[in-house]
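Let's walk through a few spots in this protein together. Keep the sequence handy and follow along in the 3D view.

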Amino acid sequence: MQEKEIEKAILVSADIGEYDCDTSVDELSELAQTAGAEEIARVIQKREAYEPATVIGEGKLTELCELCQNLGATLLIFDCELTAAQIRNIENATDVRTIDRTMLILDIFAARARSSEGKLQVELAQLKYRLPRLMGVGASLDKLGGGIGTRGPGETQLETDRRHIRRRIDKLSAELRELEQRRSFSRERRRKDSVQVGAIVGYTNAGKSTLLNLLTGAGVLAENKLFATLDPTARAIELPDGRSLLLVDTVGLIRRLPHHLVEAFKSTLEEAANADIIIHVCDVSDPDAAEKADVTLKTLAELGAAEIPVVTVLNKCDKITENIPTDDKTVKISALKNEGIDTLLSAIAKNLPQTSHRMKLLLPYDKAGITAKLRENGKVFSENYVENGIEVDALVDQMLIKQMTEYEVK
């Protein structure tokens with residue numbers, strides 16, 4: 001089988017002062033590497049505003065053309081969203097295939113989605129992104145209008161493509177709504193069963209999957225690449241106070257995450273918005289850790305998760321030498337080296353809202369049926385038959401605590 005040829009990519013950015021250009025291009029380089037491209041050069045131009053036709057100015061575009069020829073570039077990646085007309089103009093000038101940041105991220109997502117839901121979400125985002133660009137490509141055909149000499153396969157094909165894409169978008173949206181409804185039923189059932197949920201969130205490549213694997217043995221793909229995990233994985237763990245917590249791994253976040261993707265992955269990200277506690281994983285060895293943490297928290301706030309308790313996990317602490325202060329809601333760990341995990345579990349238990357309480361009970365023999373109710377709504381750790389009744393050590397659901405108070409052994 002022939003090995004896929006590595007794309008030689010030049011990264012291009014017009015710095016108009018909207019964000020830190022160097023940091024953003026560094027991230028674009030990581031994205032390109034994750035997609036399987038090799039960065040061979042960068043072209044950055046400071047400008048007041050984007051050039052409407054080609055994003056960068058005429059002189060810089062000529063320079064880019066020469067660079068493409070000299071270095072044998074096969075791909076241009078722009079660090080901003082491009083219109084169909086801009087892509088066409090740049091490709092005509094350079095004779096090199098051109099994509100933008102969003103198209104690159106969509107490509108990574110398409111390669112990494114494993115579950116049927118993940119694949120549906122990616123395809124929907126790709127089609128929604130492609131539709132207006134398809135219209136842009138066919139703009140000249142639209143102007144032909146009716147009459148002799150204007151009818152032809154070009155316009156017909158464009159309309160067919162549009163209709164096909166719109167139909168597919170409708171179909172995918174309907175399938176995702178159905179899956180979202182099922183997910184909503186699952187959440188409702190978990191609430192009824194008093195199952196508490198912890199969502200592991202954080203910037204992409206912060207170590208979320210490594211942490212989930214360490215805590216639960218989930219076997220989730222954990223790589224030193226952006227967006228290694230797309231499909232949510234849920235696994236149960238037991239906390240030091242005896243309570244069970246269902247941990248859900250979520251898709252990694254990123255600066256300027258395209259709104260197409262936020263929309264497409266909304267049902268996955270909603271796991272965080274509906275969680276009882278959020279475990280926010282940060283790569284503390286990253287120089288941009290504070291800014292990336294801010295991106296994550298802002299995205300969570302947009303999803304309506306601002307009021308949910310958060311435990312901040314400073315991961316990869318084995319890579320730093322400076323001392324970082326911690327508190328009840330901030331824990332230092334190394335998921336790779338299995339350090340600080342007990343402290344993390346204690347912090348989660350402390351900040352997780354109480355929906356149950358551990359109690360030692362002495363039940364009269366004529367009330368033995370209560371143990372079945374305790375099992376159904378909570379957890380029984382031990383049951384011991386003594387002379388004057390049944391000694392029970394149990395995690396008692398909030399709704400039963402008042403009823404159990406009279407049997408509690410102080």
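This is a predicted model: local features need pLDDT of at least 70, side-chain atom pairs count only at pLDDT 80 or more; totals for chains, interfaces and linings use all residues.

The side chain of Arg-243 reaches over to the backbone oxygen of Ala-349, at 2.8 Å. Residues are numbered from 1 along each chain as its sequence is written, and side-chain values use heavy atoms, with hydrogens and water left out.

So where does Arg-243 sit? Look in the loop between strand S6 (233–238) and strand S7 (244–249); strands (E, at least two residues) and helices (H or I, at least four) are DSSP runs, numbered from the N terminus. Arg-243 is buried, with a relative accessible area of 1%. Buried means under 20%, exposed over 50%, and partly exposed in between (1.4 Å probe, protein chains only). Leaving aside neighbours within four places in sequence, Arg-243 is in contact (heavy atoms within 4.5 Å) with several residues, including Gln-196, Glu-238, Ala-349 and Leu-395.

Asp-95 isn't a glycine, yet its phi is positive, at about 60 degrees. You'll find Asp-95 in the loop between helix H3 (84–94) and strand S4 (97–100), and it counts as exposed because its relative accessibility is 71%. Lys-316, also not a glycine, has a positive phi near 65 degrees. Lys-316 lies in the loop between strand S9 (310–315) and strand S10 (330–332), but this residue is buried, at 16% relative accessible area.

Methods. A polar contact is a pair of N or O atoms within 3.5 Å; within protein, one must be able to donate a hydrogen and the other to accept it, and residues adjacent in sequence count only if both atoms are side-chain atoms.
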